[in-house]
Amino acid sequence: NYNVGSWTITPSGVTVSNGDSISYVTGTLTVNAKGLTVSGFAASGKTYDGTTAATISSNGSLSGVVGSDSVSLNSGGASATFDNANVGTTHTVTGSGLALSGTDAGNYTLSSQPTATNVTISVRGLTITASNVNGTYGTSAANTLNGSTGFTESGLVGGQTVGSVTLGTNATSSTSGNYNANTGGNPASWTITPSAATGGTF
């Protein structure tokens, strides 16, 4: 097949018998690049990480190559992104940087970067741990459970935060309303249980 480009068409070879003069005027042959598509492109699901970065699991293959032309999919600079960073099962992942290579690559163009559909971003686990509280019976230190500061968290990404949690305890109270000391008791200390995380940006 003719390669892509603008080529000169040159007429010639007309035979006359009456002595007429013949002028030949050239024309132009324009061969446009053939568009190729990528089939079989795929991306891996991931656990929520606050970004749209995606991992390509299959670059796919070219569709539309003419005959035995030498043209292949070059994935050396390829990357991919999710349509958004949120948890879900119907995300579209779009590739970028895929290109053509091979002896006949100049006769083709990649019609568009490929996409993969229904890719999943799964929920990320978040752990809230109540901070230990120590104090002498009857003091503020022994009676205060601070839901704004009395905990730590792990599993957050991208600078996200937890505003506060509810802190409960199995500690019993004395007649004066203070948490009882549990010296030598069973258990030896009371349990603080976090729940109902709220606020912040998570």
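## A hairpin in a predicted model

Strand 9 and strand 10 form a hairpin in which five residues lie between the two strands; strands here, like helices, are DSSP runs numbered from the N terminus (E, at least two residues, for strands; H or I, at least four, for helices). This is a predicted model, in which local features need pLDDT of at least 70 and side-chain atom pairs count only at pLDDT 80 or more, while totals for chains, interfaces and linings use all residues. Residues are numbered from 1 along each chain as its sequence is written, and side-chain values use heavy atoms, with hydrogens and water left out.

Strand 10 covers residues 88-96 and runs antiparallel to strand 9, with four bridges joining them; two strands are said to pair if DSSP finds at least two bridges between them. Within this pairing, Ser79 has Ser96 of strand 10 as its bridge partner. Strand 9 itself spans residues 79-82, with Ala80 and Phe82 on a covered face and Ser79 and Thr81 on an uncovered one.

Strands of a sheet pair through backbone hydrogen bonds, either parallel or antiparallel.

Strand 6 (residues 53-58) pairs with strand 9 in the antiparallel sense over two bridges, and here Ala54 has Ala80 of strand 9 as its bridge partner. Strand 6 is also joined to strand 4 by three bridges, again in an antiparallel arrangement, with Ala43 standing opposite Ile56 of strand 6.

## Nonpolar cores

The largest nonpolar core has 20 residues, and those with the most contacts inside it are Val38, Phe41, Leu62, Val71, Phe82 and Val93; such a core is a set of buried Ala, Val, Leu, Ile, Met, Phe, Trp, Tyr and Cys residues joined through side-chain atoms within 4.5 Å. The elements that give two or more residues to this core are strand 3 (34-39), strand 9, strand 12 (108-110) and strand 13 (115-122), and strand 13 gives the most, with three residues. Apart from this core lies another, of five residues, among them Phe151, Val162, Val165 and Leu167.

Leu62 touches Leu36, Thr37, Val38, Val71, Ser72, Leu73, Leu100 and Leu110, not counting residues up to four places away in sequence; contact here means heavy atoms within 4.5 Å.

## A buried loop residue

Asn107 is placed in the loop between strand 11 (99-101) and strand 12. Asn107 counts as buried because its relative accessible area is 14%, where buried means under 20%, exposed over 50%, and partly exposed in between (1.4 Å probe, protein chains only). With residues up to four places away in sequence left out, Asn107 touches Asn3, Val4, Ala33 and Lys34.

## The salt bridge

A search of the whole structure finds one salt bridge, defined as a side-chain nitrogen of Lys or Arg within 4 Å of a carboxyl oxygen of Asp or Glu. The bridge is formed by Lys46 and Asp49, whose closest N and O atoms are 2.9 Å apart. Lys46 is buried, because its relative accessible area is 17%, whereas Asp49 counts as partly exposed because its relative accessibility is 28%.
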